[in-house]
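I opened this notebook to record what I looked up in one structure. The entries are kept in the order of reading.

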Amino acid sequence: MKRALISDIHGNLEALNAVLDDIRQQGISEIYCLGDVIGYGPNPVECLDMVRRKCAMCLLGNHDQAALFDPEGFNPVAFRAILWTRDQIDNSSGGAAAVNERWDYLGELPRTHVEPNRLFVHGSPRDPTNEYVFPEDVYNQRKMENLFERVEQFSFQGHTHIPGVFTPSLEFFGPDECDHEYRFGDEKALFNVGSVGQPRDGDPRSCYVILSDESIVFRRVEYDPEVTAKKIYDTPQLDNMLGDRLRDGR
């Protein structure tokens, strides 16, 4: 059975709609979201409602957590954005009952999801919500060995917005380096599924993956970042750089 894994939507409705259209075209009906539905982007409520309707499972991301509690460790741009996002949910449509349902949904999101041989997290196997695993971490042998020790076979994660595959031999392969498909073997692996709403690997197209029993396939999807960027520019509480970065995938 094939399943789509999406992550790091960050309130980018245009990107989310494009990815959902592509998933439908691939004939896939089951979707898992690995967190950060909200934060940074101009349509947090619409993205939250869409994920609630479309995703069979969603995890708690660090921005989702920050909206619920205190945004500890956030830089000023992210801090202002999450306060604005929180206000958008508090004043969203549908009346008090609908607002409470949105907050309840966020508050009930799990930090991990486990299936046989598969771990799903937002951040890392060691800290499911907050720890980053960057490509350059392959040079940190102690960190990578610790992460792999916590994985039965495969881990699927987001958070860095940089898609690719980590192997126990301390290598990282971006999607281009594995021809956009990594076939499973007996070896353990950590997979970053990339970002729907704010790619940071130099490619502005949305990224998600298709997971099957045999492999993981990385897909890139075109959308118009200028539409999202203009919404950001028109929102004083959202820094312009959040729109600028969408053009370059950074």
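The entries below cover the sheet, the pocket and the salt bridges.

I note that this is a predicted model, in which local features need pLDDT of at least 70, side-chain atom pairs count only at pLDDT 80 or more, and totals for chains, interfaces and linings use all residues. Residues are numbered from 1 along each chain as its sequence is written, and side-chain values use heavy atoms, with hydrogens and water left out.

Sheet. I looked up the strand order (strands are DSSP runs of E, at least two residues, and helices runs of H or I, at least four, numbered from the N terminus; two strands pair if DSSP finds at least two bridges between them). The open sheet has 6 strands in the order E3-E2-E1-E11-E12-E9, with mixed pairing. Strands E3 (57–58) and E9 (181–183) stand at the edges with a single partner strand each, so one side of each has no neighbour in the sheet. E11 (residues 206–211) and E12 (residues 215–221) pair in the antiparallel sense over 6 bridges. Tyr 208 stands opposite Arg 219 in E12.

Salt bridges. I counted a side-chain nitrogen of Lys or Arg within 4 Å of a carboxyl oxygen of Asp or Glu. The structure holds 21 salt bridges. Asp 201 meets Arg 220 at 2.7 Å, N to O. Asp 201 lies in the loop between E10 (189–192) and E11, and Arg 220 in E12, so the pair ties together parts 19 residues apart in sequence. H8 (241–248) gives the most to the lining of the largest pocket, with 3 residues (a pocket is an open set of 1 Å grid points over the protein atoms alone where a 1.4 Å probe fits, with protein on both sides within 12 Å along at least five of seven lines; lining residues have an atom within 4 Å of a point).
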